[in-house]
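This report describes selected features of one protein model, beginning with the contacts of a single residue. Helices, salt bridges, a cavity and some backbone angles follow.

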Amino acid sequence: MDVFELKNRELSKNECLELFENDDLLFDTLKAADELRKDLCGDVVTYIINANLNFTNVCTLNCGFCAFKAKPKDENAYFMTPEQVGKKALAAREAGAMEVCVQGGIRKEIDTHLQVEMIQSIRKETAPYGGITIHGFSPMEIHSAAENAGLDLKTAVEMLKTAGLDTTPGTAAEILVDDVRKNLCPGKLSVEEWERTIKIIHKAGIKTTSTIMYGHIENNEDRVEHLFRLKRIQKETGGFTEFIPLTYLHENTPLYRKGIVKSGASGLDDLRMYAVPRLLFKELLPNIQVSWVKLGAKFCQVGLRSGANDFGGTLMEDTISKAAGSKYGTNMTQQKIEECIGQLGRKPQLRTTTYNHVDEAPAKTAVKA
């Protein structure tokens, strides 16, 4: 196979699979992906100043990859009120965050009305500072909350949008293959339900990210099926802002403790997960993000030479990755991000959630009335 020829045409599923499996093609794949990245994105590496806000760790699901979940009576269990969520977002805004990513566990007490209250509280608290982008609630959370409220999905999504939800993380996708999901996350949406939910979100005018969580019980065929499904959705809706590969952090998770998996993905698999999607998606989905909290800054620099063009964000905290065993911290300063990018001879570029370039972060002081 001439890997470099793939830069200029559509890939088949078999070709995509071969790129994942043929070690002899590895370095050509990484180089071709990096060349295509430069053609599409130039030598700019984007990033955002953001914060994670996980409003509860109590969850009724039993996902095998999750080490974050707590039971209601656990000593470490917590559930923030809408007022507390607003205050937490305010603290992030005062620290300079442009975006707050709001997510939590799945439980009966969380319905669309409560999600609306959280959004309204964030809007109220951050208004004196010019507001903050609310990037909140996965398709699973939105679907579950709508059911708990007795609402149809379209109505629930419109309520969230009216309240001030800007964008949504395209998480809870994990691997979009039902046979894998039955063992990995049996309580989560089916593939059909996840796709229907994300399309409703997109068609309401709300952009989302797209993700894959890999390196657990899936195989390369499953990865290919997942990627082609995302590609098809993007062709239909154009609603994805970026693609974020999420390597499975195994050490503290149920799958690892039960001996079902012995480790996560290899470093070469991590690099392939930047390179192969770059060659597959091309201009259809031009932004591919590295995850420094999962892989570390130095490895992410290699990812940025393997097809990726976005460094992600400052995060300010990432309790979910930390619980799973991440050793790379939960906050990276804007200065450190720009240093990492600069070491590659690339240009750091601050961006918004929807990838508009901005010259500088918003002021940390309240706006005078």
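Val 157 touches Ile 142, Ile 200, Ile 201, Ala 204 and Ile 206, leaving aside residues up to four places away in sequence; contact means heavy atoms within 4.5 Å. The model is predicted: local features need pLDDT of at least 70, side-chain atom pairs count only at pLDDT 80 or more, and totals for chains, interfaces and linings use all residues. Residues are numbered from 1 along each chain as its sequence is written, and side-chain values use heavy atoms, with hydrogens and water left out.

Val 157 belongs to helix α6 (residues 153–163). Helices (H or I, at least four residues) and strands (E, at least two) are DSSP runs, numbered from the N terminus. With a relative accessible area of 2%, Val 157 is buried. Buried means under 20% relative accessible area, exposed over 50%, and partly exposed in between, with a 1.4 Å probe and protein chains only. Between the C-alpha atoms of Val 157 and Ala 70 the separation is 27 Å, and the two residues are 87 apart along the chain.

**Helix α8**

Gly 205 follows α8 and has a positive phi, near 90 degrees.

**Salt bridges**

A salt bridge is a side-chain nitrogen of Lys or Arg within 4 Å of a carboxyl oxygen of Asp or Glu. By this rule the count comes to 27 salt bridges.

| Pair | N to O distance |
|---|---|
| Arg 9 and Glu 15 | 2.6 Å |
| Glu 125 and Lys 87 | 3.5 Å |
| Arg 229 and Glu 195 | 2.5 Å |

Arg 229 forms its salt bridge with Glu 195. Arg 229 lies in helix α9 (residues 220–237) and Glu 195 in helix α8, so the pair ties together parts that are 34 residues apart in sequence. Arg 229 is partly exposed, at 24% relative accessible area, whereas Glu 195 is buried, at 7%. Salt bridges that share partners join Glu 195, Lys 199, Lys 203, Arg 229, Arg 232 and Glu 236 into one network.

The side chains of Glu 125 and Lys 87 also meet in a salt bridge. This pair links distant parts of the chain: Glu 125 is in helix α4 (residues 112–126) and Lys 87 in helix α3 (residues 82–94), 38 residues apart. Glu 125 is buried, with a relative accessible area of 18%.

In the pair of Arg 9 and Glu 15, Arg 9 is partly exposed, with a relative accessible area of 29%. Glu 15 counts as buried at 17% relative accessibility.

**Cavity**

Rolling a probe the size of a water molecule over the atoms shows where empty space is left. On a 1 Å grid over the protein atoms alone, a cavity is a set of points where a 1.4 Å probe fits but cannot get out, and lining residues have an atom within 4 Å of a point. Grid points are joined across faces, edges and corners, and a volume is the space filled by probe spheres set on the points.

The structure holds one cavity of 30 Å³ or more. The volume of the largest cavity is about 40 Å³. Its lining consists of Gly 105, Ile 106, Arg 107, Ile 110, Gln 115, Glu 141, Ser 144, Ala 145 and Asn 148. Helix α5 (residues 139–149) gives the largest share of this lining, four residues. The lining divides into three nonpolar, four polar and two charged residues. Here Ala, Val, Leu, Ile, Met, Phe, Trp, Tyr, Cys and Pro count as nonpolar, Asp, Glu, Lys and Arg as charged, and the others, Gly among them, as polar.

Lys 282 has a phi near 50 degrees, a positive value in a residue other than glycine. Lys 282 is found in the loop between α11 (267–281) and α12 (292–295), and is buried, with a relative accessible area of 7%. For Tyr 355, another residue other than glycine, phi is also positive, near 70 degrees. Tyr 355 sits in the segment after β9 (347–350) and is buried, with a relative accessible area of 13%.

Notes. 1 Å grid on protein atoms, 1.4 Å probe; cavity = no way out; pocket = protein on both sides within 12 Å on 5 of 7 lines; lining within 4 Å.
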